[in-house]
Amino acid sequence: MLCEKYFSLCFLSLFFFKSTTVYGLIDPITGTFVVGAFVTGYFLNKPNNIFSYFGSCPKTFEIKDLEDDIKKSFFGQHIASKIVISALAGNLYRSINNKKPLVMSFHGSTGSGKNFLSDLIAKHMFNSKKAKDVRYHVIHGRSKFPEQSKVNYYKEKLYSDVKSAIKSCDTNLFVFDEIHYIPMGILDILIPILENNDVSMDSRNSIFIFLTNTGSSSIIRKYLDLWVKGFSREMMKVQDFDTILLQSAFNENGGLKKSALIDSHIIDHYIPFLPLEKVHVEQCIEAELKNLNRYLDSDKKSEMLRIITFGPEPEKLFSSSGCKRIKALVTIELESDLI
């Protein structure tokens, strides 16, 4: 099947192998290694072909499976769920006519599910662990760019790394975590890639996601304002938060402050992750227990909820850590049951 696709290459390799062995120029074993090296070199210079052939460079994935997974395990984020599914579906269905890669910015407080949703997207984008390991890039703002004095070096390295990944396979998921810790201006280096203006590669099939706590205070204030006015959580829409997120991203300290990414309208979606309420924390507890195939009675679950801090005063509607501590708390309760 491979030779059917690359007939001329296989014919040339076979001819070389037979001629060298027949005429005694090289022994069969050495000839095999030479041909192998030749074929490997050929494909390394045409990276998209070889990675596509072996399934390590997927071009599409099943949106419905991701949507089902979100419904089962991602709680309290009806706005984020709807926008992300629509954006990914639209990106896939119009991929031939895309002018640029999909770029999204996830905003919300700790534990609201930004990383969790990013991992779910990666899980469904890449159908094997090998592909995911190679094509899912998580860049941590705090650890990747620790020194302000090295900003120019960071810019060059970041551009080089992203470009290299895309040239080896045009399908990647780049997640920039904690961008509020990235020094101002670094992310602007990616503009030629995010606009698909670097003629040495085609970035349209890759996806870029920025994760940040920037705007979380504004989200909470807007939520409470709507709540006081009688809006239920499910009645809230992305339009209620879009402007305040854009303003917060541009003005608050962090990787998007005064960024040309915002001025140039490169970011397609600013997505609010709403603060999680008690009911959502309870759903996270149940999901973790189901994942572990374990059970806790209602008293034990209530004990866990009493450990979690809810705020702000006086409403105390939202978990201060979202669902971030749930896995650890469930583990402790299960272990205490065994003692």
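Phenylalanine 116 has a relative accessibility of 38%, so it counts as partly exposed. This is a predicted model. Being partly exposed means falling between the cut-offs of 20% for buried and 50% for exposed. Phenylalanine 74, at a relative accessible area of 7%, is buried.

The search of the whole structure turns up 8 aromatic pairs. Phenylalanine 74 and phenylalanine 116 make one of these, and the pair is stacked. Their ring centres are 6.2 Å apart, with 10 degrees between the planes.

A second pair deserves a look. The rings of phenylalanine 174 and phenylalanine 208 are stacked, because their centres lie 4.7 Å apart and their planes meet at 15 degrees. Phenylalanine 174 lies in strand β3 (residues 173–177) and phenylalanine 208 in strand β4, so the pair ties together parts 34 residues apart in sequence. Phenylalanine 174 and phenylalanine 208 are both buried.

Now turn to strand β1 (residues 102–108). Here 7 of the 7 residues are buried, so the strand is largely enclosed by the rest of the structure. In a regular strand, side chains alternate between the two faces of the sheet. Both faces of β1 are covered. On one side, Leu102, Met104, Phe106 and Gly108 are buried. On the other, Val103, Ser105 and His107 are buried as well.

The partners of β1 come next. β1 pairs with strand β4 (residues 207–212) in the parallel sense, over 6 bridges. Within that pairing, phenylalanine 106 stands opposite leucine 211. Strand β5 (residues 269–273) also runs parallel to β1, joined by 5 bridges. There, methionine 104 faces histidine 269.

Methionine 104 leads on to the largest nonpolar core, which has 74 residues. Leu88, Met104, Leu173, Phe176 and Leu187 touch the most other members. Helix α6 (residues 78–93) gives this core its largest share, 9 residues. Another core, of 16 residues, lies apart from it, with Phe75, Cys284, Leu296 and Val330 among its members.

Which residues does leucine 187 contact, leaving aside its neighbours within four places in sequence? They are Leu158, Phe176, Ile179, Ile182, Phe210, Gly255, Leu256 and Leu261.

Terms used:
Residues numbered from 1 in each chain as written. Predicted model: local features only at pLDDT ≥ 70, side-chain atom pairs only at ≥ 80, totals over all residues. Heavy atoms only, no water. Core = buried A, V, L, I, M, F, W, Y, C linked by side-chain atoms within 4.5 Å. Buried < 20%, exposed > 50% of the residue type's maximum accessible area, 1.4 Å probe, protein only. Helix = DSSP H or I, 4+ residues; strand = E, 2+ residues; numbered from the N terminus. Contact = heavy atoms within 4.5 Å. Pairing = 2+ DSSP bridges. Phe/Tyr/Trp six-rings, centres within 6.5 Å; stacked < 30°, edge-to-face > 60°.
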